[in-house]
Amino acid sequence: MKDKRINIKIVLFVLFVFFLSAGYAAADLYKWVNEDGVVNMTDDLGKIPEKFRAGAKVYKVEPVEIKEKTSVPIAGAEIRRQRSGDLYGDHTLEWWEDQFSRIYEERDSLSADIEKKKTFIRIFEAGRRFGQTFGETDVANYRRYKKELSSDEKRLAEIEGELKDLRRKATYYGVPRTVRGK
């Protein structure tokens with residue numbers, strides 16, 4: 001069974017190479033197995049050792065005309081091509097990009113907000129230690145920030161968990177690293 005799969009893969013690969021050639025391509029392919037059990041293929045009967053020629057299998061390949069040459073796309077072009085509808089799991093590449101973008105945006109915004117609140121609290125508490133007096137607005141902000149900080153940090157941890165889970169799923173479905181991020 002395994003040899004048949006290998007043989008089929010070899011034949012398909014050889015056919016694929018012929019299809020990439022420009023113009024007409026026609027040749028017979030010869031397959032033989034040497035004494036070590038290695039499968040060999042060639043398009044030249046003269047390359048087969050005498051003792052294996054009788055057992056060689058011949059594959060007839062019909063002439064094929066290739067009208068235009070194919071080229072290998074570069075990385076950016078490959079991603080643009082995939083956006084046209086290729087699925088990664090149940091979703092398109094654009095969906096994955098939107099999800100990562102949304103999570104990164106929320107995480108970065110919340111992180112900046114937390115840092116701003118921590119800085120305000122640090123400055124407020126340092127000022128109190130040195131006897132500075134604050135207005136009602138500053139005191140109200142201090143109290144509000146102290147209350148909000150723990151829930152903001154809890155939400156940030158949830159977002160990091162969502163991001164980790166999304167990255168794991170994206171990796172499983174083969175989403176390109178350029179979309180998954182770091």
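User: Let's start with K169: where is it placed?

Analyst: K169 is in helix α5; helices (H or I, at least four residues) and strands (E, at least two) are DSSP runs numbered from the N terminus. This is a predicted model: local features need pLDDT of at least 70, side-chain atom pairs count only at pLDDT 80 or more, and totals for chains, interfaces and linings use all residues. Residues are numbered from 1 along each chain as its sequence is written, and side-chain values use heavy atoms, leaving out hydrogens and water.

User: How do I read the exposure of K169?

Analyst: Buried means under 20% relative accessible area, exposed over 50%, partly exposed in between (1.4 Å probe, protein chains only). K169, at 36%, is partly exposed.

User: At what angle do α4 and α5 pack?

Analyst: Axes are lines fitted to C-alpha atoms, for helices over the stretch in contact, and angles run from 0 to 180 degrees between N-to-C directions. Here α4 (residues 93-129) and α5 (residues 136-173) pack at about 150 degrees, axes 8 Å apart. So α4 is roughly antiparallel to α5 (under 35 degrees is roughly parallel, over 145 roughly antiparallel, 65 to 115 roughly perpendicular, the rest oblique).

User: And which salt bridge does E153 form?

Analyst: Side chains of opposite charge can pair when their charged atoms come close. The cut-off is a side-chain nitrogen of Lys or Arg within 4 Å of a carboxyl oxygen of Asp or Glu. E153 meets K118 at 3.1 Å, N to O, linking distant parts of the chain: E153 in α5, K118 in α4, 35 residues apart. E153 is partly exposed at 34%, and K118 is partly exposed at 31%.
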